[in-house]
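User: I want to learn how to read pockets, cavities and helix packing in a model. Can we take them one at a time?

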Amino acid sequence: MQNGDWRDMEVSELVHRVMPSPNCNERKAAISMLVVHYTEMKPVETALDRLTDAEAGVSAHYLITEEGEVIQLVSEAKRAWHAGASYWRGTKDVNSASIGIELDHPGHDPANGGYRGFTESQFEALVPLVARVVKDYDIARANVVGHSDVAPMRKVDPGELFPWERLSEYGLCLPTPAKFAQSDPFDNDGAFLLALERFGYDITEGIKAIEAFERRWRPERIEGKPDAQLGAILWQLLLERDQGLTR
């Protein structure tokens, strides 16, 4: 059976259409993560053409259009090629360990009209899909992440307008901490970066890693420099994980 064959799909009731992509291979790890992307290509047909083009060498398990149509591209049993060079919490082969979901969106590219929020129809289609994947593979909330979290040196998607807090209300990702045990816990930038690495980020390029953290946890202000507020958020996230309150 060839990669990308529709007969290799295990299609759920949440899928509206199947467009098999040849860009997949065998997994080398159990599924423990879910990664959210945006396509940064308009119209959606352009993104679908690329994700199913053997020469492009990229894919995802699902694409959700702005109208809320869920399109399956790769069987969940297969390793889709969505994350590229990436890292999260000790995992270097993120593609092998994850399900990738692309959101039809213009991204930050001014040529596509500029960055904007995601549609309600798209979010309403995303929630049950994420819920089903998280349940089926027992994915920890801390491992439902954005492309920028796993590839901070290269990527900024899904960006600062992705509604992580709304997703967290369904118990599908970690919420931003509401209370803080420490107001300014780190003595210097180096200490913050080491804590960021401990949380899961690749800190090879410190500024990019901090910006990725900000996009996820303080999207209203992205400066690439640690401060007391960021430190308090990171400290609380680590504290709650160490106390067994989160996964």
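User: Which elements each supply at least two residues of the lining of the largest pocket?

Analyst: Note that this model is predicted. A pocket is an open set of points. Here, β3 (33–38) and α1 (44–51) each supply at least two residues of the lining of the largest pocket. The space in this pocket is about 410 Å³.

User: Which residues lie nearest the centre of the largest pocket?

Analyst: Y38, T39, E102, H147 and K155 do, out of 19 lining residues. By class, the lining holds seven nonpolar, six polar and six charged residues.

User: How many cavities of 30 Å³ or more does a search of the whole structure find?

Analyst: In a cavity, a 1.4 Å probe fits but cannot get out. The search finds three cavities of 30 Å³ or more. The largest cavity has a volume of about 70 Å³. Its lining includes W88, R141, D149, F199, R216 and W217. Two elements give two or more residues to this lining: β8 (144–146) and α7 (206–217). The lining of the largest cavity has nine nonpolar, three charged and no polar residues.

User: At what angle do α6 and α7 pack?

Analyst: For a helix pair, read the angle, the axis distance and the handedness. Helix α6 (residues 189–199) and α7 pack at about 65°, with axes 11 Å apart. Their crossing is left-handed.

User: Which residues meet in the contact of α6 with α7?

Analyst: From α6 come F192, L193, L196 and F199. They meet G206, A209, I210, F213 and W217 in α7. By class, this contact of α6 with α7 has eight nonpolar residues, one polar and no charged.

How values were computed:
Residues numbered from 1 in each chain as written. Predicted model: local features only at pLDDT ≥ 70, side-chain atom pairs only at ≥ 80, totals over all residues. Heavy atoms only, no water. 1 Å grid on protein atoms, 1.4 Å probe; cavity = no way out; pocket = protein on both sides within 12 Å on 5 of 7 lines; lining within 4 Å. Points joined across faces, edges and corners; volume = space filled by probe spheres on them. Helix = DSSP H or I, 4+ residues; strand = E, 2+ residues; numbered from the N terminus. Nonpolar A, V, L, I, M, F, W, Y, C, P; charged D, E, K, R; others polar. Axes fitted to C-alpha atoms, helices over the stretch in contact; angles between N-to-C directions. Left-handed = near helix turned anticlockwise from the far one by under 90°. Contact = heavy atoms within 4.5 Å.
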